[in-house]
Amino acid sequence: MLLQFSPAKPPSNLRRISPSSAVSPLRLFRIFAIDAAQPFDYETQLKSEHQKSSALKIAVVGFGNFGQFLSKTLIRHGHDLLAHSRSDHSAAASAIGARFFANPHDLCEQHPDVVLLSSSILSTESVLRSFPFQRLRRNTLFVDVLSVKEFPRNLFLKYLPEEFDILCTHPMFGPESGKNSWSGLPFVFDKVRIGEEASRIERCEKVLRVFEKEGCRMVEMSCEEHDKHAAGSQFVTHTMGRVLEKFGVESSPINTKGYETLLDLVENTASDSFELYYGLFMYNQNALEQLERLDMAFESIKKELFGRLHQVYRKQLFGGDLDLGESSNDTTGPKLVGNGVPVEERSSS
Ligand code: NAP
């Protein structure tokens, strides 16, 4: 950029120094406070104006553990953040540069572009039922981040006015697993209902761009598909973490790598509320089946061990050869397939 200085009229933050006829006019000025933006620094001005004009006003509803965690990153990406929650989180909001509204009517009167729902799974329906949609702009984008997907999608379709856009998402990480970076972590989304106008498409893309720029692995899939996969992976992970927590795993002086992984699993799942875990079970129709499969798998392993133990006792009681090698494999329980039916049983039917 070419800057023209007029020695006769120096800008207010430039101070004139003693003139000398041998010195070039440009050297007559010395800049003080070089870290402050200069009035002629148009690039900085334009950049901040562009950032302001492309920033979204995002209202986070449910400003608990996860809502606050997400908000920090949304603010870092230049978005204007408003928050509302059942409890008073105003101190936490102002600490990260968000504005807290105790009353949802006041929040909606700010006319946010996006309402991001981060309430507990169990409370979502009551939150939506009492939400003052009529105070929002005629088309507002609703986004949810619940860990189950079919349930909020159906609630959105039921309660939201038809003109509203709907983006269902699941950032598959939390304050613990994503505390250092979101790079490579999965972000699932389903554009359930986005209007055709360019501005509505762009608004949705701006939300997705935050996660893209953070390096998330963006996975577009339907809410149904998400719930099938999540029951077999996320729900099972949380269940094992809670079982091990109840079992009471503790660090020992001879921890193996595998045991360290179990300790990490317990630490990761213990930081999530029981309400969240219960929501994963109650509002994912595939979760019960997975819990039953886990139960059957555990029984099957026990049967396998007790079967072999039984052979040892029989040998001690009645004598004879004890073969714990391949020939004793009939004590091995069958592997379970998707619906919990043993593989052999299914293939013979
Ligand atoms: P959570 O226990 O699932 O939800 C806590 C939030 O729900 C708080 O904002 C709380 O409000 C609100 N809430 C609870 N009961 C309520 C009620 N009766 N009425 C109104 N609001 C109520 O814990 P979370 O970890 O913060 O999760 C929030 C959402 O993010 C959940 O839907 C969860 O599935 C999803 N999510 C969580 C994670 C994670 O790792 N934690 C990851 C991905 C997605 P107050 O705090 O104001 O009381």
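Helices and strands here are DSSP runs, numbered from the N terminus. On that basis, α2 (65–76) and β8 (165–171) each give at least two residues to the shell around the ligand. The model is predicted. Its ligand sits in the largest pocket.

**Ligand shell**
- Around the ligand there are 26 residues, and those that come nearest are Ser85, Ser87, Ser119, Ser147 and Ser273.
- The shell consists of 14 polar, 10 nonpolar and 2 charged residues.

- A polar backbone atom of phenylalanine 66 lies 3.0 Å from an oxygen atom of the ligand.
- For phenylalanine 63, the distance from a polar backbone atom to a ligand oxygen is 3.3 Å.
- For asparagine 65, the corresponding distance is 3.4 Å.
- The ligand taken alone exposes 870 Å², of which the protein buries 87%.

**Largest pocket**
- The largest pocket holds about 1200 Å³ of space.
- Its lining has 45 residues, with Phe66, Ser147, Asp272, Ser273 and Leu276 nearest the centre.
- Two or more lining residues come from each of α2, α5 (124–129), β8, α8 (223–247), α9 (257–270) and α10 (274–282).
- By class, the lining comprises 25 polar, 16 nonpolar and 4 charged residues.

**Second largest pocket**
- About 240 Å³ of space lies in the second largest pocket.
- Of the 10 residues that line the second largest pocket, Ser54, His77, His79, Arg209 and Lys213 are nearest its centre.
- Both α1 (42–54) and α7 (198–213) supply at least two residues of this lining, and the largest share, 4 residues, comes from α7.
- The lining of the second largest pocket has 5 polar, 3 charged and 2 nonpolar residues.

Notes. Residues numbered from 1 in each chain as written. Predicted model: local features only at pLDDT ≥ 70, side-chain atom pairs only at ≥ 80, totals over all residues. Heavy atoms only, no water. Near = heavy atom within 4 Å. Polar contact = N/O pair within 3.5 Å; in protein donor to acceptor, adjacent residues only side chain to side chain. Areas by Shrake-Rupley, 256 points an atom, 1.4 Å probe, with all protein chains shown as cover. 1 Å grid on protein atoms, 1.4 Å probe; cavity = no way out; pocket = protein on both sides within 12 Å on 5 of 7 lines; lining within 4 Å. Sits in = over half its atoms within 2 Å of the grid points. Nonpolar A, V, L, I, M, F, W, Y, C, P; charged D, E, K, R; others polar. Points joined across faces, edges and corners; volume = space filled by probe spheres on them.
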